[in-house]
Amino acid sequence: MNDMDAVKKGAEAYEAGVEKSLGKFPERKKDFVTGSKAPVARLYTPVDTAKIDYLRDIGFPGEYPYTRGVQNTMYRGRFWTMRQYAGFSTAEESNKRYKFLLEQGTTGLSVAFDLPTQIGYDSDHALSQGEVGKVGVAIDSLADMEILFDGIPLDKVSTSMTINAPASVLLAMYIAVAEKQGVGADKLNGTIQNDILKEYVARGTYIFPPEPSMRLITDIFAYCSKEVPNWNTISISGYHIREAGSTASQEVAFTIADGIAYVEAAVKAGLDVDDFAPRLSFFFNAHNDLFEEVAKFRAARRVWAKLMKERFGAKNPKSWMLRFHTQTGGSTLTAQQPDNNIVRVAIQTLAAVLGGTQSLHTNSKDEALALPTEDSVRIALRTQQIVAYESGAAETVDPLAGSYYVESLTERIQAEAESYIAKIDSLGGAVKAIEKGYVQQEIQDAAYAYQMDVESGERVVVGMNKFQIKEAPPKGLLRVDPIVGEQQAAKLKALRAKRDQAKVDAALAAVKAAAAGGDNLMPPILAAVKAYATLGEICDVMRGVFGEYQQKVIL
Amino acid sequence: MERKIRVLVAKPGLDGHDRGAKVIARALRDAGMEVIYTGLRQTPEQIVGAAIQEDVDVVAMSILSGAHNHLFPRVVDLLKEKGVDDVLVIGGGVIPDDDIPGLKAAGIAEVFTPGTPTSVTIDYIKQNLKRKA
Amino acid sequence: MAHAPLLAERARAQDARAVARLISMVEREDGSRLPELKALHQWTGRAHVIGITGPPGAGKSTLTDKLVAELRGRGRTVGVVAIDPSSPFTGGAILGDRIRMNRHATDEGVFIRSLATRGHLGGLSRATAETVRVLDAAGYQDIIIETVGVGQSEVDVVRLADTIVLVSVPGLGDDIQAIKAGVMEIGDVFCVNKADKDGAERVIREIRAMLETAVLNGAATRFSELYGALAAMGLGPDAKAGPGPGAGEASFAGAAAADEDAAGGYFQAGAAHHIANQARGHDELALPPVLATVAETGQGIKELVDAIKAHEAGLAATGLLAKRRVENLAWELGKAAADRILSGLEADERRGYLRAQAEAVLGKKTDFYDALEAIAQSLRAGS
């Protein structure tokens, strides 16, 4: 054991000695800060971690409070799922990309939908102009979904779908495709993002106001707990909050505050916490400050476990575990000298792995310029494979535990997150805090401060505000053929001519009745999807009943 | 009284990534300009209607979804249709370099790609206003 | 530079660009606006000017958006003047009211203009008045002024309006405190927005209590003046009171029925409270409408517009509209004159003169009152 008094004296002597020599050997700058602008001390010693009780605060992997990870052997058992987010253009094109990725060794699919799909408009809607197939694949009906997963056995892959406001419709399509493949819903593995609250504050693909949106979410929880038991019904996302400019602590705090709101809504809807909580999953960002990011993941697990156990009285250990997907930080990529992004992504990958992620998407180097090409997607995937197989980071569990610095950072992020959560509670919870614009304001202030630090040069971004070079414009970027919009519109026209319209009308009427009443919306949506009602038609019916969300902007 | 530079900051299309638009709105405000902010999901028609009614000097648009080649020129065309020729139209977002000449030919005065300091945009606006006091 | 009032001509034809350009000239106090505004003068005075005021966060923009939609549905053309604060540090501003209203940007029958306070609230009421006159002359039939918040400066701005809607909202803490009695007295129609939130009933009760207190204290309120005039015409409480549909509660049905005699409609909207008042023993108390709205869903908007329109009809029927406009314009002229005198005093050469007078007072060469008289004389001579 350390003699804490002696260590303390030693640390003081060290600081005093350094202060004396600073005149001759000054440090690079006056204030050292983390990537999120939190102060960093010169040296961390046992004094900084003296208040930590190992068994209470850190514990063992696979045990409460899960600071060291949710599985007992972590990556010694199996690597994280290497899951590359992909999708663009038509279902046919995306299907090809998925098959390419599976051949290259990805172990899970991650579907990107285009914006009209994410906002519940068909490809031929006026607002869809110019957007069809751009940031993801265009899905208008079950017919497109059948093509998207053609030749991909849905009982063998796990599929993550980045879909929120119309999540129930896309999940219903997935279930329907599986059924056609002869795969029962109980055999399906995967995730829908289904996290509307962060759409309001950071990502913008909302449709309905908070109240009906929360109901759609709890309907999915209830339906899946019985019918699709292995499905992750939500991926509570800090990723986009961070991309919108938040700090690491805010990312943890606002994500978990959203999580609290979902749990409360589900409990209020009559569900037992242990029936749905084990299927809640999370989605975080990985930025460049390696140690702060690792600490962030560790703190998030601890905060969530404590909340679920103490505040919500969950009894099932699976309810306490914060399982998460990670994506490397899109906003950290530079358009300048894009090859440098490979290095950034490597650091971020290491952060996610040292932080104990369950799955990971690595960004491609060209994403600040356009959609990634196959070559750059391959490098991104290889980055994960190098960290997995060559770096040694996956050979032991939570290798950074016990670092005075990392444990101090973990404590700090936990404390900051808990203080934000208390503030949000005092405002009446996440939904109210969002309605008041509080969360948006906090994120924007951080985003603006970051931008000003970059512009003043206080924060160096290599290749962008320092070490610039003259560059030729990058070549060979991926382009989506603008014809996709017309193709989808033609497909829709043919579909509407071919399908049994009476059946569609009846199915849509049933969706409307369920929306206006209180019945679970999943069964009528599934029936409507199977009748080849389009995504836009189903969402329009719900728009009619629920109304549309109006953005709350505080600048 | 001194002439205030009025800027419409708009997000055309469906993409919800408004971090850049909000940061630039604040930076323009801090540079003493009056910023009319429209929020997300604006059609070119709405942007042009607002630009005319607000009598802005500048229309600044941001798109990260890749729909810029469709939506930016549409705004310029609609302004022309309405007889507006003295408004500076600029764009920003994830825009490949290859697209920039085409956008400029379509009447987008300047395109700002990721990493552009807000001060560059501010200076550009101050030096390139089509209307003088 | 003198030029023919060309913009005025185009504005008269509802050319949005000309209207917009004129408003910009108004905003920067461009001297060349004067011939244009003079040319437009004969076409002013026809619009119904509606002021919307209330604390920040009351949902005024969303409410305005819905009012525009409802008025458009009734075939009216609508102008909106939305005011946001300028930064006192940089002089810049972010004008965000359009976020809620921009769906109307493609409707030719709607003209929305955002004004920044530009650091001088006195000048703002003038710019707002001139903007309203431009929109009025351009033929917009209803003109909504939406203020920044509540306070004396907002009172100055909304007193340009024929009908003032005071918006409150539950959940702002001591929100009623924000609506000081003085501001309360300028309201013609009271609206509790976000009425689906907890505490709405309490806010409604508190507003009624404050209105009752104001009436009992004999405070000079705008609404009591109208009530007096309506009563004198036989449209008073006794003539119309009765438990009609929705009476007895501030409900969505609490405002005037469309087929009611328009002038009595304002009273009818307040009748609900009359019933409540009778129960409390002050049966002569006539209170203005206190309506519940949920702007986000559109609940109560139709009734709010009914009440606003009934108020206008009441003003017209009693002749108070003309009287009020005289008062408002007299006030505006007084302010403008005072501003002009003030700017005369603030001119550099005048400052020297004032200093000389001050020195003379301090040197006992003259006294304060003689010096004041001399300054007043010189102002008169100089103007």
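Mentor: Two strands pair when DSSP finds at least two bridges between them; strands (E, at least two residues) and helices (H or I, at least four) are DSSP runs counted from the N terminus. This is a predicted model, where local features need pLDDT of at least 70 and side-chain atom pairs pLDDT 80 or more, while totals for chains, interfaces and linings use all residues. Residues are numbered from 1 along each chain as its sequence is written, with chains lettered from A and ligands numbered from 1 in the order written.

Trainee: OK, how many bridges join E1 to E3 in chain B?

Mentor: Look at residues 6-10 for E1(B) and 58-63 for E3(B), two strands that run parallel. In this stretch B:Leu8 sits opposite B:Val59 of E3(B). The number of bridges joining the two strands is four.

Trainee: Which strands stand at the edges of that sheet?

Mentor: The sheet is open and six-stranded, ordered E5(B)-E4(B)-E3(B)-E1(B)-E2(B)-E3(C), with parallel pairing. On average, neighbours are turned 25° against each other, ignoring direction. An edge strand has a single partner, so one side of it lacks a neighbour in the sheet, and that picks out E5 (110-112) of chain B and E3 (93-95) of chain C.

Trainee: What angle does H2(B) make with E1(B)?

Mentor: H2(B), residues 44-53, packs on the sheet and touches E1, E2 (34-37) and E3 of chain B. Contact here takes C-beta atoms, placed from the backbone, within 7 Å. Directions run N to C along lines fitted to C-alpha atoms (for helices, over the stretch in contact), on a scale of 0 to 180 degrees. On that scale the angle is about 165°.

Trainee: Over in chain A, are H6 and H21 parallel or oblique?

Mentor: H6(A) (167-180) and H21(A) (522-530) have axes that come within 9 Å and cross at roughly 60°. Residues that meet include A:Val169 and A:Ala172 from H6(A), and A:Ile525 and A:Leu526 from H21(A). Under 35 degrees would be roughly parallel, over 145 roughly antiparallel, 65 to 115 roughly perpendicular, and the rest oblique. The two helices are therefore oblique.

Trainee: And which helix gives the most to the side of chain A that touches chain B?

Mentor: That contact takes 33 residues from chain A and 31 from chain B. Chain A's side divides into 19 nonpolar, ten polar and four charged (Ala, Val, Leu, Ile, Met, Phe, Trp, Tyr, Cys and Pro are nonpolar; Asp, Glu, Lys and Arg charged; others, Gly among them, polar). Two or more residues come from H4 (115-118) and H18 (438-456) of chain A. With five residues, the top contributor is H18(A).

Notes: Contact = placed C-beta atoms within 7 Å.
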